[in-house]
Every structure is written in structure tokens, then in C-alpha cells.
Amino acid sequence: MKVSVFGTGYVGLVTGACLAEVGHSVICMDVDEAKIDNLRKGILPIWEPGLQEIVERNIEAGHLSFTTDAAKAVRHGAIQMIAVGTPPGEDGSADLHYVFDVADAIAASMRGYRAIITKSTVPVGTSNKVAERITAALKARGTSETPSFDVISNPEFLKEGAAVSDFLKPDRIIVGAAGAKARALMQELYEPFNRSRERIVFMDVESAELTKYAANIMLAAKISVMNEIANVAELVGADIEDVRKGIGSDPRIGYHFIYPGAGYGGSCFPKDVRALAKLANSLGHRAELLEAIENVNNRQKTTLFAKLIRHFGGAEHLRGKTFTVWGLSFKPNTNDMREAPSRTLMEALWRAGANVQAYDPVAMDEAHRIYGERADLKLVEDKYDALNRAEALIVCTEWQQFRAPDFQEMQSRLARKVVIDGRNLYSPARMKADGWSYYSVGRTASD
Ligand code: NAD
């Protein structure tokens, strides 16, 4: 099938590349010329396991191409996927202007039938607005034959860091579509991913749009609930890791996604929780639980700094001192630093007049892009070198390579034996026995 994908970010690029990988003819369109120039040369804007190879292979095979020409992408074929960003607007509601720009571009150039698929996460009602916009634009065009179209909601559930394997082996494919033609096209498009069992769940457009928010909010809620219980555990002297195992063994709860930590980040959970709360509010319903999920998370992101202050006896004692941050991305296996806990921490350290030496396996370029050259941030290429003469190590991301470090080496590099562990990677008992001041999440400190 001929597929056009608008937007070459995490979702657009992975979708385009994986659809090309199974044999569809895909053209990816983006307004960012530099991004498209690079992609044509095989230089990717994001780091995802396996993606580089798939992109290179399919450019080579002629299944995947890139353009900045929207009209060309609209002419390419019947399937038009919208995978542009839907960032939070100033009031927290989703900013839909990128989605509507693409809808306008499709309406301006479409000739025959088009299936217009919203893959971006959009508030309930957006696909209908896209349809209304296109109908109005086609009417205004005033051509003798008005082309027909369907708008389909097909939200994406890939996880950054495992995006390619999630796309190739999806748990489910949600399709919100009214008509038989639209459903048949989606069945054909996803057939290669649907062979071992039926993965497509058909529903109406509104339910599909809400399913995406419901999934992200359920996951964000699990994290905030665990973080809140971890805060209580610290006060009562309980060990949250034992509590986690204790509740995870109940199949109604399960072990997935109940790790306490430094708060969730990334481009999806924070904005989707906010956007649904905003939507509910605009319809006269105050979604108090959604507000609580966000408030708990925002507070959790400040706990690493709070522990540091407590150890050093006040923020004023951090001035001029250097601290090491291990892990900049909001989670392992991605270079994405959007709303990452590391940013809340580093920005608090800078406000207190402290310096940061940071190391991350893949997000250092991203940190440089965000913060530029600054005297109080040193990005260090080796995790142990990043410790040199620092007053404390703060672990923000649970990368595998931080799980079993050489503690002797760490001790020889750091000025003080202080670790603030935002991901509960180390054993409090062992850290205590080795003389470390060790603070983690929801477990008693060894100080
Ligand atoms: P992104 O910011 O990484 O990429 C968006 C891309 O769209 C950019 O390259 C931008 O230049 C391009 N763009 C903007 N306007 C355009 C236009 N008019 N025509 C063509 N391209 C245009 O975004 P993302 O992380 O890929 O997210 C896209 C959507 O998918 C969002 O709604 C997001 O919530 C949702 N989503 C994201 C993830 C994730 O893990 N990142 C997972 C599931 C769903």
C-alpha cells in the first residue's frame, strides 16, 4: 500500500520505517528541512534501538523516502497518517495547530479518496474537527468533483526506547473508524503485524481517542501511587521495595510499572494527564484524580534535590560545589530529555549556585542542544570521570550500566561518599556497610 506519514519524530519516523519494513511504499513528510536533509543521508534525529538499520535498509530498497513537499506526500496514495506533535499549550490543553496544518495541506492537494489517520495523541473530538476542516476546505475549493475521505483515529502506543519492537509486535492496534471501507483499509495496512493473533480492536473514533489517554493516565497513576506510598514508607521506616514485591504478587496489581522513583517525564505522560484534565474541565467536570497524579509527580521530581539539601544542611551549602548526575534522559534507552527528572534537579542545583558534571550513555548531545555551553554544566564522556572531585552522585535514570558500578572506583573519584539514588539501584545495607551516605526512594537512608 502507498502510505504518507506527516511528521518524522518518534512516532512518525518509527511508523514510516516499520511500515516500509513490511513492504508498504512509504513517504515521510516533515516541515523541518534540516531533519529531512539528514534523513535522506541516513542521519536520524532520534536514537532508538534497531531504527537506524531499518531506515537505511528501506531507503536502499526504495520502500522509504523523505520530502518537505506536502503536496507530493498527499498525491502519493490513499493512506495519509498524521503523526505531528501535539504539545501542551499555555493552559495545558493540547495544541492542535500542527495537526490542523497537516489537515489543511491534505485538503489542499487531495484528488481521489483519502483515508486520513490521526496517529498523534489528540483530545476526543479532534478527528471530527479534522473532518469538518477538510470538508469545508474541499467545499471552498469548489472543484466539480469533491473527493471523498474518511478520518480514522489510530493512536500509537509505542514506548520510546523500545519503539521499533513495540511497533513491529504491538500488544493491540486501536482503530476508531466508522465506515466499512476505512476498516478494511486499516485491516490491510496492519495485516503484516496481525498474523499470529487478532490485534486490531475496532471501535468508534471518540473511544479510540480516549483509549490513548486512558492508557497513559493509568500508567502515570500507577507511578504516582507508588511514589506517594514510597514517601510514606520513608516516614514510617518501611522498605518500599519489599512493599512493591508484596503487592506485585497480586495478579490484580501485577509487577509492571510499580517502581518508585524520581517521577515520570517524557513527552507523553505529563502532557496527556494535563490535557485530559483540561478537557474534562472545559466540559464542566473537575478531574481531581488527574490533578493529583500530576501534583504528586511534580513534587516527586523535587525530592532528589530535597534529599541533597538535607544532607548538606541547607541549599546555601551547595553554592560553588560540584555534583555528578548519572542519567539525563527521562528513562533508559532513549535520548529524550523532555520533562526529565534530571532537568528539575540540574536546574535546582544551578539556582543554588552549584556546578553539574553529567554523564548519560546517549543523551549528552541532547543536553548540549537544550542547555548549550554553560560554565556550570560539564558533560563528561565517561561515567567515572564524571565523578571526579564531586561532592555527591545523583542517579536520575536507571541505565543498565549504572546498576553494578565499581564502588571502589567511585570512592576514589568522589570528594565525598554520598549517593542520592533516584531509582533504587543499590542495596542500602551494602552501602551502609561500605560507609556511604546513601539516600534512595522509599527506603531508610544510611547516613
Ligand atoms: P516529535 O515532536 O518528536 O515530532 C513531531 C514532528 O512533526 C517534528 O519533526 C515536526 O517538525 C513535525 N511537524 C510539525 N508540523 C508539521 C507539519 N505541518 N507537517 C509535517 N511535519 C510536521 O513528536 P512525537 O514524539 O513523534 O509525537 C507525535 C505525536 O504522537 C504526539 O501527539 C505524541 O503525543 C504522540 N505519541 C508519542 C509517543 C512517544 O513516545 N514519543 C508515543 C505515542 C504517541
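Biologist: Why does Cys268 count as buried?

Modeller: A residue is buried if 20 or more other C-beta atoms, placed from the backbone, lie within 10 Å of its own. Cys268 has 26 C-beta neighbours inside 10 Å, so Cys268 counts as buried. This is a predicted model: local features need pLDDT of at least 70, side-chain atom pairs count only at pLDDT 80 or more, and totals for chains, interfaces and linings use all residues. Residues are numbered from 1 along each chain as its sequence is written.

Biologist: Where is Cys268 found, and which residues does Cys268 touch?

Modeller: Helices are DSSP runs of H or I with at least four residues, numbered from the N terminus. Cys268 sits in the loop between α10 (240-248) and α11 (269-282). Contact means C-beta atoms within 7 Å. Leaving out residues up to four places away in sequence, Cys268 touches Thr121 and Asn216. An unreviewed UniProt entry places the feature "active site" at Cys268; such annotations may be inferred rather than shown by experiment.

Biologist: Which residues come nearest to the ligand?

Modeller: A residue is near a molecule if its C-beta atom lies within 6 Å of it. The shell around the ligand has 26 residues, and Gly7, Gly9, Tyr10, Ser120 and Thr121 come nearest. Two or more shell residues come from each of α1 (10-21) and α5 (97-109).

Biologist: How is the protein chain divided into domains?

Modeller: Domain bounds come from an automatic or database domain assignment. Here they give domain 1 (2-203), domain 2 (213-298) and domain 3 (301-439). The C-alpha centres of domain 1 and domain 3 lie 38 Å apart. Their contact takes six residues from domain 1 and seven residues from domain 3.

Terms used. Buried ≥ 20, exposed ≤ 12 C-beta atoms within 10 Å, placed from the backbone. Contact = placed C-beta atoms within 7 Å.
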